[in-house]
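User: Can you walk me through the cavities in this one, then a helix and a residue?

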Amino acid sequence: MISQDVAPYAVRRETARGRLHAEEDAPTRSPWQRDRDRVIHSAGFRTLQYKTQVFINHEGDFFRTRLTHSLEVAQIARSIARQLKLDEDLTEALALAHDLGHTPFGHAGEDALKLCMKDWGGFDHNTQSLRLVTHLEGRYHAFDGLNLTWETLEGLAKHNGPVKRPTPYLFEYDQRHHLDLASYASAEAQVAALADDIAYHGHDLDDGLRAGLLALDDIAGLPIVGPALERALAGVRTDDRYERERRIRHETIRQVINVLATDLTQQTRENIAVLNPESADDIRNAPMPVVAFSEIIARENKEIRKFLYARMYRHWKVNRMTRKARLATTEVFEILSEDPSLLPDGWREKAKAADEAGRRRVVADYIAGMTDRFAMDEHRRLTELSMLG
């Protein structure tokens, strides 16, 4: 097996902390290549193909889904990891796994489940990702979940930084498999987390323009985006109106992603030079994240995010779909929680064997694993007499 030329502060195979359930190493793959492959072959990963990013799946075939988003995050993250001499396979595994716990209908579905579960342990997609890879995926004889490495699980648990108030499931899992929740995650996990920001700023702008919710004039005044648009306008070489707009849009987004990724790489190199870490644990125990944007780009990124929330995520057309998605998710949850006999085989037995909190968690797990399309069909099956059960 060819090993990567990684920096001293990268996660390294010789200091890896293994898996909760011991397994022999694969002769042809590193532990994190194996993690990546397990994520890709999981049922949870496949369902991302039909889960909302911004637009409900049936609104258009060319809008991003959670799957295409995850692939774009992985591409950006791996490119940055290569520049920083980090372990690319761990970075990729984390990028591909980071959204496994997302519900159907994106944040609308998550908000609905969070409200439904507020008295029963709560719900958030980050914990659900960990829950899926450590418990819900049932593929192996010897254990539940995917039995991913400590480094991958640590990155999923702490990609937003140290966890001061773990959710009930994260707290319980940490008692069995200590993830050092008080420290930062590895540089690989930090890269995957900020590659997520880069990806969704780029593709959400692209999808917003494609959907007609935004126009080029709307984004011309944005930091980072405006200058990228100017460069794209100066370089376009066709008079065909459709081709011109399409090429300008793509070139603008390409340049936005490049500016963000380049700045992140440069600022992180500067941070590493100051810290002078000699191991991955030096990154984890640093007083602040090592992977970061420069101050000016971080500030301008917040302006882009604020714009997207106001002009796209809260657009009246998106609001309508969001409201319907929340209502449908809530109604399915309430019906199945009140009468678990309506659950399909496997889920029904789990719910009936549990106490009230456990029953509601089973229902939340069931709904969280649905695609947009399946959730809409399930809502109709449970509420419309014309639908077969």
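Analyst: Here is a quick tour, cavities first. This is a predicted model, so to speak of local features pLDDT must be at least 70, side-chain atom pairs count only at pLDDT 80 or more, and totals for chains, interfaces and linings use all residues. Residues are numbered from 1 along each chain as its sequence is written, and side-chain values use heavy atoms, with hydrogens and water left out.

User: How many cavities of 30 Å³ or more does the structure hold?

Analyst: There are 2. A cavity is a set of points on a 1 Å grid over the protein atoms alone where a 1.4 Å probe fits but cannot get out. Points are joined across faces, edges and corners, and the volume is the space filled by probe spheres set on them.

User: What volume does the largest cavity have, and which residues line it?

Analyst: About 70 Å³. The lining is Leu94, His98, Gly155, Leu156, His159, Ala189, Ala192, Ala193 and Asp196. Lining residues have an atom within 4 Å of a point.

User: Which elements give two or more residues to that lining?

Analyst: Helix H7 (150-158) and helix H9 (187-211). H9 has the largest share, 4 residues. Helices are DSSP runs (H or I, at least four residues), numbered from the N terminus.

User: How do the residues of that lining divide?

Analyst: Into 5 nonpolar, 3 polar and 1 charged. Nonpolar covers Ala, Val, Leu, Ile, Met, Phe, Trp, Tyr, Cys and Pro; charged covers Asp, Glu, Lys and Arg; the others, Gly among them, are polar.

User: And what lines the second largest cavity?

Analyst: Phe105, Ala328, Thr329, Val332, Ile367, Met370 and Ala375. The space there is about 40 Å³. Helix H15 (residues 316-338) gives the most, 3 residues.

User: Last one, Arg66. Buried or exposed?

Analyst: Buried, with a relative accessible area of 4%. Arg66 is found in helix H3 (residues 66-84).

User: Which residues does Arg66 touch?

Analyst: Not counting residues up to four places away in sequence, Arg66 touches Leu48, Lys51, Thr52, Gln53, Asp99, His102, Gly106 and His107. Contact means heavy atoms within 4.5 Å.

Key:
On a 1 Å grid over the protein atoms alone, a cavity is a set of points where a 1.4 Å probe fits but cannot get out, and a pocket is an open set with protein on both sides within 12 Å along at least five of seven lines; lining residues have an atom within 4 Å of a point. Buried means under 20% relative accessible area, exposed over 50%, partly exposed in between (1.4 Å probe, protein chains only).
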